[in-house]
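Please read it with the structure open.

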Amino acid sequence: MIITKTPYRISFFGGGSDYPKWYQKFGGSVLSTTIDKHIYISCRLLPQFFKHKYRIVWSKIENVKKINQIKHKSVKKLLLYNKITSGLEIHYDGDLPARSGMGSSSSFSVGLMCALSKFNKKNISNLALAKKTIFFEQNIMKETVGCQDQIAASVGGFNKIKFQKNNEIFIKKIL
């Protein structure tokens with residue numbers, strides 16, 4: 001069983017300057033910290049004797065035979081993106097409610113991306129995890145999101161994050 005623990009974040013300033021359309025023209029900078037509240041995701045192989053192949057437990061319980069039957073959009077697309085073909089059971093628990101304004105959707109994506117990478121036996125650095133999740137949310141999910149939430153959730157701590165016009169990202173750990 002794989003269990004991830006991904007923090008929520010609080011942003012102090014710079015929100016909005018983490019959107020590619022902004023920082024590719026002007027650059028950007030964000031000051032944020034993660035807090036002691038987390039999203040927990042557990043992921044395990046589902047034994048083949050169940051009638052379903054995937055079990056997703058969030059505010060609903062989904063027992064389905066095919067990935068395209070999963071109603072949770074992020075889970076469905078993350079499973080496809082990570083080329084998961086084995087049966088899985090995925091549980092989600094959060095210390096705070098969804099839409100808390102503390103980056104919960106990106107914390108969820110980071111946590112599940114990390115779990116699925118480990119499930120596929122791929123080691124991934126914190127920054128690579130953030131970049132992979134940013135790509136997923138912006139290009140696969142087609143969400144209008146910036147980049148600070150995924151970086152904060154992946155790296156943790158109190159950080160100054162600089163976004164360069166050339167798409168480079170620099171993280172200065174403050175604490």
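Ser32 counts as buried, because its relative accessibility is 1%, under the 20% cut-off. The model is a predicted one. Ser32 lies in strand 2, which covers residues 28–45.

Leaving out residues up to four places away in sequence, Ser32 touches Ile10, Ser11, Phe12, Gln148, Ala152, Gly157, Phe158, Asn159 and Ile161. Two of these contacts are also bridge partners. Ser11 has Ser32 as its bridge partner in strand 2. Asn159 is the bridge partner of Ser32 in strand 6.

How many residues of strand 2 are buried? The count is 13 of 18, so strand 2 is largely enclosed by the rest of the structure.

Strand 2 pairs with strand 1, strand 5 and strand 6. Strand 1 and strand 2 run antiparallel and are joined by 10 bridges. Strand 5 and strand 2 are also antiparallel, with seven bridges between them. Here Ile39 stands opposite Gly94 of strand 5. Strand 6, residues 158–163, pairs with strand 2 over six bridges, again in the antiparallel sense.

## A nonpolar patch

Ile10, Phe12 and Phe13 make a nonpolar surface patch of about 300 Å². Ile10 lies in strand 1, which spans residues 2–13. Ile10 is partly exposed, because its relative accessible area is 32%, between the 20% and 50% limits.

## Aromatic pairs

The structure holds seven aromatic pairs. One of them joins Tyr81 and Phe136: the ring centres are 5.6 Å apart and the planes stand at 50 degrees, so the pair is tilted. An angle of 50 degrees falls between the limits of 30 and 60. This pair links distant parts of the chain, 55 residues apart. Tyr81 sits in helix 2 (residues 73–81) and Phe136 in helix 4 (residues 126–140). Tyr81 is partly exposed at 26% relative accessible area, whereas Phe136 is buried at 0%. Tyr81 and Phe136 also form one aromatic cluster with Phe135.

Which geometry does the pair of Tyr92 and Phe108 have? The ring centres lie 5.4 Å apart and the planes are at 75 degrees, so this pair is edge-to-face; the cut-off for that class is over 60 degrees. Tyr92 and Phe108 are 16 residues apart and link distant parts of the chain. Tyr92 belongs to strand 5 (residues 88–94), and Phe108 to helix 3 (residues 104–119). Tyr92 is partly exposed, with a relative accessible area of 23%. Phe108 counts as buried at 7%.

## Gly146 in its loop

Gly146 is found in the loop between helix 4 and helix 5, the latter being residues 148–155.

Setting aside neighbours within four places in sequence, Gly146 is in contact with Asp18, Tyr19 and Gln138. The C-alpha atoms of Gly146 and Ser106 are separated by 9.9 Å, and these residues are 40 apart along the chain.

Terms used. Residues are numbered from 1 along each chain as its sequence is written. This is a predicted model: local features need pLDDT of at least 70, side-chain atom pairs count only at pLDDT 80 or more; totals for chains, interfaces and linings use all residues. Side-chain values use heavy atoms; hydrogens and water are left out. Rings of Phe, Tyr and Trp (its six-membered ring) pair if their centres lie within 6.5 Å; planes under 30 degrees apart count as stacked, over 60 as edge-to-face and the rest as tilted. Helices (H or I, at least four residues) and strands (E, at least two) are DSSP runs, numbered from the N terminus. Buried means under 20% relative accessible area, exposed over 50%, partly exposed in between (1.4 Å probe, protein chains only). Patches are made of residues with over 30% relative accessible area and no salt bridge: like charges are joined within 9 Å, nonpolar side chains (Val, Leu, Ile, Met, Phe, Trp, Tyr) within 5 Å. Accessible areas come from the Shrake-Rupley method with a 1.4 Å probe; for residues, only the protein chains shown count as cover. A salt bridge is a side-chain nitrogen of Lys or Arg within 4 Å of a carboxyl oxygen of Asp or Glu. Contact means heavy atoms within 4.5 Å. Two strands pair if DSSP finds at least two bridges between them.
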